[in-house]
Amino acid sequence: MNQTDDLNALAAITNARYAQQQQRFAKLLAEEERIRAELSRLDDMDRTARSANATAIPMRTIGADVIWQGWIGRSRTALNMALARVLAVKEHHLAEVRRAYGKVLVVQEIRDQHLTDKRKSRTSAALSRAIEEAVRT
């Protein structure tokens with residue numbers, strides 16, 4: 001293999017790694033969105049139950065409102081803990097995605113510079129040959 005082939009292979013590898021990192025990050029974003037939607041749904045359920053509980057005296061009598069509020073609190077806590085975990089992992093993966101993208105940019109720049117140097121070298125060699133031919137004749 002020559003240097004151009006090596007650089008092209010390296011570019012393919014870094015692009016694949018970057019795509020893989022982006023895919024993992026997209027899964028984390030989807031999980032974050034799912035948890036946030038679940039928290040929103042829980043808040044809506046709580047708001048609806050509170051407005052209904054204002055008129056539901058029998059529910060208070062048997063303690064169902066206290067049980068409901070306990071369930072809402074536990075569910076909200078569990079979802080907030082899950083969201084905190086996802087956000088922590090997301091921060092770590094964001095750094096990995098940025099690093100992978102940086103590698104893609106560096107390899108691309110090296111490859112472009114190599115192609116430019118190669119082109120200049122060919123042009124210079126062609127110019128030298130043309131000058132030698134002109135001098136001979």
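Biologist: Is Thr 4 buried or exposed?

Modeller: This is a predicted model, and Thr 4 sits in helix H1, residues 3-53. Buried means under 20% relative accessible area. Thr 4 has a relative accessibility of 14%, so the residue counts as buried.

Biologist: Which residues does Thr 4 touch, not counting residues up to four places away in sequence?

Modeller: One partner is joined through side chains, by a polar contact of 3.1 Å between Thr 4 and Lys 118. With sequence neighbours up to four places away not counted, the residues that Thr 4 touches are His 114, Leu 115 and Lys 118.

Biologist: How many helices and strands does the chain have?

Modeller: From the N terminus on, the elements run α-α-α. The secondary structure therefore holds helices and no strands, as a strand needs at least two residues in a DSSP run of type E. The count is three helices and zero strands.

Biologist: What radius of gyration does the chain have, beside that of a compact globule of 137 residues?

Modeller: The C-alpha atoms fill a box of roughly 115 × 25 × 15 Å along the principal axes. A compact globule of 137 residues would have a radius of gyration near 14 Å. The chain has a radius of gyration of 31 Å.

Biologist: What percentage of the residues in the chain is buried?

Modeller: The accessible surface of the chain is about 9900 Å², and 59% of that surface belongs to carbon and sulfur atoms. Of the 137 residues in the chain, the buried ones make up 23%.

Biologist: Which element gives the largest share of the largest nonpolar core?

Modeller: The largest nonpolar core has nine residues: Leu 28, Ile 35, Leu 39, Leu 42, Ile 72, Leu 79, Ala 82, Leu 83 and Val 86. The elements that give two or more residues to this core are H1 and helix H3 (64-136). The largest share, five residues, comes from H3.

Biologist: Is Ile 35 buried or exposed?

Modeller: Ile 35 lies in helix H1 and is in contact with Leu 79, Ala 82, Leu 83 and Val 86, leaving aside neighbours within four places in sequence. The cut-off for a buried residue is under 20% relative accessible area. At 1% relative accessibility, Ile 35 is therefore buried.

Biologist: With which residues is Val 86 in contact, leaving aside neighbours within four places in sequence?

Modeller: Val 86 belongs to the largest nonpolar core. Leaving aside neighbours within four places in sequence, the residues in contact with Val 86 are Leu 28, Glu 31, Glu 32 and Ile 35.

Biologist: How many aromatic pairs are there, and what angle lies between the planes of Tyr 18 and Tyr 101?

Modeller: The count comes to two aromatic pairs. One of them is formed by Tyr 18 and Tyr 101, with 5.3 Å from centre to centre. This pair links distant parts of the chain, 83 residues apart, with Tyr 18 in helix H1 and Tyr 101 in helix H3. The pair is tilted, and the angle between the planes is 40°.

Conventions. Residues numbered from 1 in each chain as written. Predicted model: local features only at pLDDT ≥ 70, side-chain atom pairs only at ≥ 80, totals over all residues. Heavy atoms only, no water. Helix = DSSP H or I, 4+ residues; strand = E, 2+ residues; numbered from the N terminus. Buried < 20%, exposed > 50% of the residue type's maximum accessible area, 1.4 Å probe, protein only. Polar contact = N/O pair within 3.5 Å; in protein donor to acceptor, adjacent residues only side chain to side chain. Contact = heavy atoms within 4.5 Å. Core = buried A, V, L, I, M, F, W, Y, C linked by side-chain atoms within 4.5 Å. Phe/Tyr/Trp six-rings, centres within 6.5 Å; stacked < 30°, edge-to-face > 60°. Rg over C-alpha atoms; globule rule 2.2 N^0.38 Å. Areas by Shrake-Rupley, 256 points an atom, 1.4 Å probe, with all protein chains shown as cover.
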